[in-house]
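These are my notebook entries on one protein chain. I looked up its helices, its rings, its charged pairs and its core in turn.

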Amino acid sequence: MSFQAYLDNIEAKTGLTPRQFVALAEEKGFGPGTKATPIVQWLAEDYDLGRGHAMALVHVITKGPQISAKHVDSGGTHSDPTDELWLDGAATNPHR
């Protein structure tokens, strides 16, 4: 599953875009420098997200939407079309 697909699945399950999760995380004091564990626990407890999906959000919460270029059109499991994740909702993603 691509990195973007994880984010799109989270939106389908919760009704919240990745950008909304970033804002909620900031309200809780999470951001760059936050360890994964407290974010994963919060996402599991409040949104019933599993570790894989939570880790996709951990990335955007702590590092932003940029991903490694090695994932761009790699043909691998986590291949994405660009090195920037779309955070504003699957319906408005220009790369779909």
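**Entry 1: salt bridges**

I count a salt bridge where a side-chain nitrogen of Lys or Arg lies within 4 Å of a carboxyl oxygen of Asp or Glu. The model is predicted, so I used local features only at pLDDT of at least 70 and side-chain atom pairs only at pLDDT 80 or more, while totals for chains, interfaces and linings use all residues. Residues are numbered from 1 along each chain as its sequence is written, and side-chain values use heavy atoms, with hydrogens and water left out.

I searched the whole structure and found two salt bridges. Arg19 and Asp88 meet through their side chains in a salt bridge, at 2.4 Å from N to O. This pair links distant parts of the chain: Arg19 is in helix α2 and Asp88 in the segment after α4, 69 residues apart. I take helices as DSSP runs of H or I with at least four residues, numbered from the N terminus.

I then looked up accessibility, where buried means under 20% relative accessible area, exposed over 50%, and partly exposed in between, with a 1.4 Å probe and protein chains only. Arg19 is partly exposed because its relative accessible area is 43%. Asp88, at 35%, also counts as partly exposed.

Lys13 forms a salt bridge with Asp48, and their closest N and O atoms are 3.8 Å apart. Here too the pair links distant parts of the chain, with Lys13 in helix α1 (residues 3-14) and Asp48 in the loop between α3 and α4, 35 residues apart.

**Entry 2: Asp48**

Is Asp48 buried or exposed? Asp48 counts as exposed, since its relative accessibility is 56%. I also noted its backbone: Asp48 has a positive phi of about 55° although it is not a glycine. Most residues other than glycine have a negative phi.

**Entry 3: helix α3**

How far apart are the end C-alpha atoms of α3? The expected span of a helix is 1.5 Å times one less than its number of residues. The twelve residues of α3 (residues 36-47) should therefore span 16 Å, and the end C-alpha atoms are 16 Å apart, which agrees.

I found Ile39, Val40, Trp42 and Leu43 buried in α3. They cover an arc of only 160° around the axis, so they lie on the same side of α3; the arc is that of the directions from the helix axis to the C-beta atoms. On the other side of α3, Thr37 and Glu45 are exposed. The buried residues of α3 pack against α2 (18-27) and α4 (51-63).

**Entry 4: aromatic rings**

I pair rings of Phe, Tyr and Trp (its six-membered ring) if their centres lie within 6.5 Å; planes under 30 degrees apart count as stacked, over 60 as edge-to-face and the rest as tilted. By this rule the count comes to four aromatic pairs. One of these is Phe21 with Tyr47, which is edge-to-face at 5.0 Å centre to centre, with 75° between the planes. This pair links distant parts of the chain, from Phe21 in helix α2 to Tyr47 in helix α3, 26 residues apart. Phe21 is buried, with a relative accessible area of 0%, whereas Tyr47 is partly exposed at 22%.

Phe30 and Trp42 form a tilted pair, at 5.7 Å centre to centre and 55° between the planes. Phe30 lies in the loop between α2 and α3 and Trp42 in helix α3, so the pair ties together parts that are twelve residues apart in sequence. Phe30 and Trp42 are both buried. I recorded Phe21, Phe30, Trp42 and Tyr47 as one aromatic cluster.

**Entry 5: contacts and core**

Which residues does Trp42 touch, not counting residues up to four places away in sequence? With contact meaning heavy atoms within 4.5 Å, Trp42 touches Phe21, Leu24, Ala25, Lys28, Phe30, Tyr47 and Ile61. Leaving aside its neighbours within four places in sequence, Phe30 is in contact with Ala25, Pro38, Ile39, Trp42 and Ile61. Phe30 and Ile61 are 31 residues apart in sequence and 7.3 Å apart in space, C-alpha to C-alpha.

A nonpolar core is a set of buried Ala, Val, Leu, Ile, Met, Phe, Trp, Tyr and Cys residues joined through side-chain atoms within 4.5 Å. The largest nonpolar core has 23 residues, of which Leu7, Trp42, Leu43, Leu57 and Ile61 touch the most other members. Each of α1, α2, α3 and α4 supplies at least two residues of this core, and α4 gives the most, with six residues.
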